[in-house]
Amino acid sequence: MTKRSDYPEMSEEGLVEASRQGDVEAFEELVARHRDKIYARAYSMMRNEDQAVEMSQAAWIKGWQRLAQFSGNSSFATWLTRIAINLCLDELRKQKRNRAESIDALSERSGGVDWFLPTYEVNPTERLERGELRQRIDRALGQLSVEHRTVLILHAFEELEYKEIATRMKCSIGTVMSRLFYARRKIAVLLNGLKLEEYR
Amino acid sequence: MTQHEQELQLQAYVDGGLTQAESDRISRWIEKDPGARAVVDGLRRVRELMEVGEVEVSVPVNRAFYWSKIQEGISSGTTSRVANREPVRGSFWLRILVPAFGLAVLALMLRLWVSVPEEAETMARYFHEIDGPLAEENAMTFHSEAAAMTVVWVDSRGFGSP
């Protein structure tokens, strides 16, 4: 029998297999290893700490219940992140039904807006500079509509293709492409420190 | 093709979502069209920016607290999973037998309820005045089954006589 002190030394595959056999402590170790990653994805989508905690916890519970379905084609963390994304999308859909969302007129208006591009020189060795840039990107993401932000996150950070994003977001590929285009254009404008009103 | 459709084609080009033939066509187009070139450059630079990555965030609650809710969900989920894994066998027969059993219990209760007056009647039969053959002789008979005795009282003067 595996001792509790052995879990931090165990491989991810070993922990997943033990969890499949019903070993809750092995699963707890998986949670400890990846909880920040799962929470970060939930937070980037929900933009709310409490909701992100709740969604990420729900993802872990669902992950436990579906361990038998984990095929190992992707890493365990990627698999669980997909579960978290689906839960967040469901929650965002529920929230959308409960609010009257106005479409950002500028962000979905075609043409007439130039690409004002950010001019950052990123030096990967300088952690602080990179961190600051990430902060600015994050603030810009926070200013996008839920739909635009979600598409951009799924494409840029999760590296999902148009088709898979469309499936997950329950919309057409054309809609995904359109949202992605406007999201990128708005990010370009926001990261250049320009006020949107100037370009209406 | 509308302007927006053209923009989406340029985006698909940047994202590598076109066939080789389509990609070659876009390459030729952006060489001639500075506007198309600007859109492609813009899209590429945003892509590069996003590759810088996301802010690093951590769960804002401690490990034990975070895990406790997951553990709670797992425990309740496990119970329901076990219940789902082993469905109640013979549910068809149970659907018939359970109401039948209920009816049987009801019938038994009714029977007991009805039997109470019957018993009382029986007891009354044991403890009552019996008009015996000596009635005209002004005699009364009392019989008790429980006490296994019969008492006959004879009044030679006659009842009701002064």
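Select B:Gln11 to begin: with a relative accessibility of 0%, this residue counts as buried (buried means under 20% relative accessible area, exposed over 50%, and partly exposed in between, with a 1.4 Å probe and protein chains only). The model is predicted, so local features need pLDDT of at least 70 and side-chain atom pairs count only at pLDDT 80 or more, while totals for chains, interfaces and linings use all residues. Residues are numbered from 1 along each chain as its sequence is written, chains are lettered from A and ligands numbered from 1 in the order in which they are written, and side-chain values use heavy atoms, with hydrogens and water left out.

**Stop 1: around B:Gln11**

B:Gln11 sits in helix H1 (residues 3–14) of chain B; helices (H or I, at least four residues) and strands (E, at least two) are DSSP runs, numbered from the N terminus. Display its surroundings next. Leaving aside residues up to four places away in sequence, B:Gln11 touches A:Tyr162, A:Met177, A:Leu180, A:Phe181, A:Arg184 and B:Leu43, where contact means heavy atoms within 4.5 Å. A polar atom of the B:Gln11 side chain lies 3.1 Å from the backbone nitrogen of A:Phe181.

From this group, move to A:Arg184, which forms a salt bridge with B:Asp15. The closest N and O atoms of A:Arg184 and B:Asp15 are 2.9 Å apart. A salt bridge is a side-chain nitrogen of Lys or Arg within 4 Å of a carboxyl oxygen of Asp or Glu.

**Stop 2: the interface of chains A and B**

Now colour the two chains separately. In chain A, 54 residues are in contact with 39 residues of chain B. The size of an interface is often given as the accessible area lost when the parts come together. Chains A and B bury about 4300 Å² between them, 65% of it on carbon and sulfur atoms; buried area is the accessible area (1.4 Å probe) that two parts lose on being put together, summed over both.

Between chain A and chain B there are 3 salt bridges, and 15 residue pairs are in polar contact, both residues at pLDDT 80 or more. A polar contact is a pair of N or O atoms within 3.5 Å; within protein, one must be able to donate a hydrogen and the other to accept it, and residues adjacent in sequence count only if both atoms are side-chain atoms.

Which elements give two or more residues to the side of chain A that touches chain B? They are H2, H3, helix H5 (127–142), helix H6 (146–157) and helix H8 (173–191) of chain A. H2(A) gives the most, with 13 residues. By class, this side of chain A has 30 nonpolar, 11 polar and 13 charged residues. Ala, Val, Leu, Ile, Met, Phe, Trp, Tyr, Cys and Pro count as nonpolar, Asp, Glu, Lys and Arg as charged, and the others, Gly among them, as polar.

**Stop 3: the aromatic cluster**

Select A:Phe27, A:Trp60, A:Trp64, A:Phe70, A:Phe76, A:Trp79 and B:Trp67, which form one aromatic cluster. Rings of Phe, Tyr and Trp (its six-membered ring) pair if their centres lie within 6.5 Å; planes under 30 degrees apart count as stacked, over 60 as edge-to-face and the rest as tilted. By this rule, there are 9 aromatic pairs over all chains.

The rings of A:Phe27 and A:Trp64 have centres 5.2 Å apart and planes at 65°, so this pair is edge-to-face. Because A:Phe27 lies in helix H2 (residues 24–46) of chain A and A:Trp64 in helix H3 (residues 49–65) of chain A, the pair ties together parts that are 37 residues apart in sequence. Both A:Phe27 and A:Trp64 are buried.

A:Phe70 and A:Phe76 also pair edge-to-face, at 5.7 Å centre to centre and 90° between the planes. A:Phe70 is buried at 10% relative accessibility, and A:Phe76 is buried at 2%.

**Stop 4: salt bridges**

Side chains of opposite charge can pair when their charged atoms come close. The structure holds 13 salt bridges over all chains. In helix H2 of chain A, select A:Glu29 and A:Arg33, which are 4 residues apart, or about one helical turn. Their closest N and O atoms are 3.1 Å apart in a salt bridge.

Finally, select A:Arg41, A:Arg82, A:Glu158 and B:Glu54, which are linked in a network of salt bridges.
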